[in-house]
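Q: I'd like a close look at one part of this structure: the aromatic rings, and how they pair up. Could you walk me through them and then carry on to the charged pairs and the place where the chains meet?

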Amino acid sequence: MAFVLVRYRQRGQDDTAEPAQIYGSTRVEMAWTVIPVLIVVVLFLTTARVIFAIQDAPEPKAAMDVTVVGHQYWWEFDYPKLGIRTANELHIPLSNPDSPTPTYLKLLSADVIHSFWVSQLSGKTDLVPNKVNEMWIDPHKTGMYEGQCAQFCGVQHANMLLRVYVDTPEQFAAWVKNQQKPAASDPSIAAGRRVFETQACMNCHTIAGTAATGRFGPDLTHLMSRDTLASGVVANTKENLREWIRHPDTFKEGSLMPAMQLNDQQLDQITAYLSTLR
Amino acid sequence: MADTTYTIPDIVEVTPRRWSQADILEWLGSWVTTVDHKKLGILYMLYSIFFLLVGGAEAIAIRIQLMRPEMHFVSPQVFNRLFTMHGTTMVFLVGMTYIFGFANYLIPLMIGARDMAFPRLNALSFWLTFFGGLLLYYSFIGGGGLYGAGNAPDTTWWAYAPLTERAFSPGHSPDYWALSLIVTGFGTIGASINVIATAFSMRCKGMTLMRLPLFVWLNVVTSTLALLAITPLTASQVMLLIDRYLGGHFFDTQAGGSAVIWAHFFWIFGHPEVYVLVLPAFAIANEVIPVFSRKAIFGYPAMVAASVGIGFVSLSVWAHHMFTIGMTSVGNAFFALSTMLVGIPTGIKIFNWLATMWGGKIRFATPMLFCVAFMVQFLVAGLTGIMQSVVPWDWQLHNSYFVIAHFHYVLVGAIIFCLFAGIYYWYPKVTGRMLSEKLGKWHFWLFLIGFHTTFDVMHIPGILGMPRSIYTYPADRGWGTLNMIISIGGIIQAIAVLIFAVNLVRSYFKGKIAGDDPWDAWTLEWTTSSPPPDYNFATDPVATSRRPLWDLKHPEDPDWKYE
């Protein structure tokens, strides 16, 4: 193209003679039709092979099952075989290439379409209400991987972040053991627990072993085992937790968690209580 | 056209005798009630350029918000409205109207006719489109309805259900979105019927189908596609409104509806729509490239076949927008293949343009500069498009900034560049004056630099995992610097477009007088005066070949000998 532009440019204003008129050439036109056709055939066959290899891969026996439920601006992770329910931070075991333990994700949505995307682990798959989608990941390196929702789902779509922790088998076993325990129940923070159970908190959140069994918001049974609040927006510290409960819009304007209009004493009590849920 | 710059106070103070109130009313009336294809073409173009500026301003606001991580230039709610309105405006109010601006003005002139086939339908179509646009923007005031302050649509321009259902969007903004697109959609349908009827039934003597300028051919394919594509869109909008107000459950997933059906309906419109927008850009390039290369278009029959081929193939590629929605592996493979096939006819076009330039004598006037840049950019856009047709790649790239970069390479790099090329090329015919070449070159180079600064860089954050439609992003993801560069490029483009706007207005008053045929071109519109009289041609022209004017200028070597 550059060659054409330089070679065939007009040289000088007085150079007005018209060039030779050529109308077409069947031979070259055939060439630049047939060659792309061949390229497309090869490219398609390669693509199709990879599609079938990924989408139709049978699930190995050793695979981990996780059900992912998309909610407006947070992620629910259920481990049906382990009886664990958590949110926003997915823990999975490292997969050893010799005896792979991939994680098979079943993707559901509680409201609108979301999309599960952790770019370093896999492509994305949508979570569509009224439809069950599946995908799998097979991580070979431990560490924390960041991802987020990739299909616009409302005001706080941008802050529907998620983290995947790929743990060594030992770390993962320890994590599972802790998650399977019921919620901590220390008599010293009974006041905070009472606030939680008598306010509307319990309508939306679950804390295993208490009266709170709501499913609209994240399960808080082991809240303090998570590194972040509000689906990855801020670090899970005591101050942030208190501010998040007091006024969710500070961190996440338009989040569906309401500001509960608690007084300072209630806020302190409830923060103290939640801080014990390790 | 730029008579509009006479404001009423000026008239009252400066030239009270020449412009009485009755004169102004008569002048206004002549535009509002006109059925002349040239005046309607100008109205379409002014409308398109106006909304290009509006949509551009929205884009700049979006880019300022994304300049740095965790910026607070606009609230998340406003940001979501901005990108929804930016997309809707650019596709429906800019893209769909520039097509009919060019088609209306030029097709009758190119085929030697005195008007479009249905002049009154033409006027109706324009005014439907016009009021559809007003309705969309009125949502800024009325969209909130009973729920408080007004707001514009904020559910993205593809408006995936069930987010648009009343459970999740209780205000009226989705209604404004749906209704205004139904109204502009009817305008598009009317205009498309008109283009097809005109091209097939209004041709002058000697203008056989195989002598039609490629511009007209491409507009016929465009209009056919528009007819096929707008219909499912309108149907789905009606279904959405039934869901929202008459208790329907088409897309209402909470009552057993299907979100996937909306996606199918939308993209069976949405993908042909891309070709509806880009084929008129090809149409412009097909006229500009030969004239400024001083050669006949290379492989005319293949160009016609490729255009029709693109039209056909584009009807079967829609679900490549849905590779991540959970289709079967066979479905994914089918749409990968059909998408790759589009590359063949578009490749033929690029090769033929290059062959047209090969051995020519290229004049780098502003229209040609825009077309050359268009060719390179469209090639890149095509290649990134093929990348995304490879489904496993698309699982990674879908809905990321890579896709945004890809389709802006098509929409800006191809369509807007050709739109500018076309305006520089035909402005002298419309107004009788040349656009300033000096400002034109400034416009071109600034826009080119801005374009590449923005959209070349934009591919990278997509590969790094940055999804689209996000109003902010965490600082630790490392996307900040890239986004800053992208935003700076956006501002450079905005400056270039402002230079263009100045050029449009200034040249109307001070531009060089153009004459009938300033570019030494070959199609029939250059045989009549600039601007053309109401009746276009004093005597019906006769087309002796694909380039009737070449035959007149070169009686020793006319085209018809070679056809």
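A: Over all chains, the count comes to 64 aromatic pairs. To pair up, rings of Phe, Tyr and Trp (its six-membered ring) need their centres within 6.5 Å; planes under 30 degrees apart are called stacked, over 60 edge-to-face, and the rest tilted. Bear in mind that this is a predicted model, where local features need pLDDT of at least 70 and side-chain atom pairs count only at pLDDT 80 or more, while totals for chains, interfaces and linings use all residues. Residues are numbered from 1 along each chain as its sequence is written, chains are lettered from A and ligands numbered from 1 in the order in which they are written, and side-chain values use heavy atoms, with hydrogens and water left out.

Take Y47(B) and F126(B): their rings sit 6.0 Å centre to centre with 80° between the planes, an edge-to-face pair. Y47(B) belongs to helix α3 (residues 37-66) of chain B and F126(B) to helix α5 (residues 119-142) of chain B, so the pair ties together parts 79 residues apart in sequence. (Helices are DSSP runs of H or I with at least four residues, strands are runs of E with at least two, and both are numbered from the N terminus.) Both Y47(B) and F126(B) are buried. Buried means under 20% relative accessible area, exposed means over 50%, and partly exposed is in between (1.4 Å probe, protein chains only). These two rings are also part of one aromatic cluster, whose members include Y44(B), F50(B), W127(B) and F140(B).

Now for the charged pairs. A salt bridge is a side-chain nitrogen of Lys or Arg within 4 Å of a carboxyl oxygen of Asp or Glu, and the whole structure has 15 of them over all chains. In one, R244(B) meets D175(B), with the closest N and O atoms 2.6 Å apart. R244(B) counts as buried because its relative accessibility is 2%, and D175(B) counts as buried at 6%.

Another salt bridge joins K553(B) and D517(B), whose closest N and O atoms are 2.7 Å apart. Here K553(B) is partly exposed, at 30% relative accessibility, and D517(B) is partly exposed too, at 23%.

What about the place where the chains meet? The count between chain A and chain B is 1 salt bridge: E146(A) with R477(B), the closest N and O atoms being 3.6 Å apart. Both E146(A) and R477(B) are buried.

The contact (heavy atoms within 4.5 Å) takes 67 residues from chain A and 90 residues from chain B. Together the two chains bury about 6,400 Å², 64% of it on carbon and sulfur atoms; buried area is the accessible area (1.4 Å probe) that two parts lose on being put together, summed over both. On the chain A side, Y23(A), W32(A) and F152(A) lose the most area to chain B, together 12% of what that side buries.

One last stop is Q156(A), in the loop between β9 and β10 (161-167) of chain A. Q156(A) counts as buried because its relative accessibility is 0%. Leaving aside neighbours within four places in sequence, its contacts include Y73(A) and K252(A), plus P76(B) and Y471(B).
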